[in-house]
Amino acid sequence: MSGKMTMTKPIDELKPDYTRAMDIRGEPTTVCICGCYIWNLKVSFQEDGTIGMYFRDMECADCGTQATAPIEE
Ligand SMILES: [Zn+2]
């Protein structure tokens, strides 16, 4: 995997524009094809504040590509 792992945008500007969005769902992914490693996905929290559950359908925060989240080991 090549590409710089740097955040170039403030979080409130990190919205997908979808013009380059693809659908790469299937194999679990941690880094998007565009190089972004921030994902929008749905989670629920436990009472202690840890993530209790997350949906495996996720969307790249930068380009909007649909991908599949990895499962925690
Ligand atoms: Zn992306």
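Helices (H or I, at least four residues) and strands (E, at least two) are DSSP runs, numbered from the N terminus. With that in hand, here's the model: the protein has 0 helices and 4 strands, and read along the sequence the pattern is β-β-β-β. This is a predicted model, where local features need pLDDT of at least 70, side-chain atom pairs count only at pLDDT 80 or more, and totals for chains, interfaces and linings use all residues. Residues are numbered from 1 along each chain as its sequence is written.

**How confident is the prediction?**

- pLDDT is the predictor's confidence in each residue, from 0 to 100.
- The protein has a mean pLDDT of 89, with 89% of its residues at 70 or more.
- Confidence is lowest in β3, at a mean of 95, and highest in β4, at 98.
- A handy rule to keep in mind: where pLDDT is low, the predicted coordinates should not be read in detail.

**The sheet**

- The 4 strands make an open sheet in the order β1-β4-β3-β2, and the pairing is mixed. Its edge strands are β1 and β2, each of which pairs on one side only. On average, neighbouring strands of this sheet are turned by 20° against each other, direction ignored.
- Two strands pair if DSSP finds at least two bridges between them. As for that angle, axes are lines fitted to C-alpha atoms (for helices over the stretch in contact), and angles run from 0 to 180 degrees between N-to-C directions.
- In general, strands of a sheet pair through backbone hydrogen bonds, either parallel or antiparallel.

**β2 meets β3**

- Strand β2 (residues 39-45) and strand β3 (residues 51-60) run antiparallel and are joined by 6 bridges.
- Looking across from one to the other, Ser 44 stands opposite Met 53 in β3, and Asn 40 has Glu 59 as its bridge partner.
- Their hairpin has 5 residues between the strands, and Gly 49 takes a positive phi near 95° there.
- A residue is buried if 20 or more other C-beta atoms lie within 10 Å of its own, exposed if 12 or fewer, and partly exposed in between, with C-beta atoms placed from the backbone.
- Of the 7 residues of β2, the number buried is 0, so this strand lies largely in the open.

**β3 meets β4**

- β3 also runs antiparallel to strand β4 (residues 66-68), and 3 bridges join them.
- Here Met 58 stands opposite Ala 67 in β4.
- This hairpin has 5 residues between its strands too, and Gly 64 takes a positive phi near 90°.

**What's inside**

- Of the protein's 73 residues, 10% count as buried.
- The largest nonpolar core has 5 residues in all: Cys 32, Cys 36, Met 58, Cys 60 and Ala 67. A nonpolar core is a set of buried Ala, Val, Leu, Ile, Met, Phe, Trp, Tyr and Cys residues joined through C-beta atoms within 7 Å.
- Two residues are in contact if their C-beta atoms, placed from the backbone, lie within 7 Å.
- Leaving aside neighbours within four places in sequence, Cys 60 is in contact with Pro 16, Cys 32, Cys 34, Cys 36, Trp 39, Thr 65 and Ala 67.
- Among contacts between residues at least 6 apart in sequence, 60% join residues at least 24 apart.

**The segment before β1**

- Asp 17 is found in the segment before β1, and this residue is exposed, with 9 other C-beta atoms within 10 Å. Asp 17 and Gly 64 are 47 residues apart in sequence, yet 6.6 Å apart in space, C-alpha to C-alpha.
- Tyr 18 sits in the segment before β1 and is exposed, with 11 other C-beta atoms within 10 Å. Tyr 18 has a positive phi of about 70° although it is not a glycine. For background, most residues other than glycine have a negative phi.
- Thr 19 has its place in the segment before β1 (23-28) and is exposed, with 7 other C-beta atoms within 10 Å. The C-alpha atoms of Thr 19 and Cys 63 are separated by 7.3 Å, though the two are 44 residues apart along the chain.
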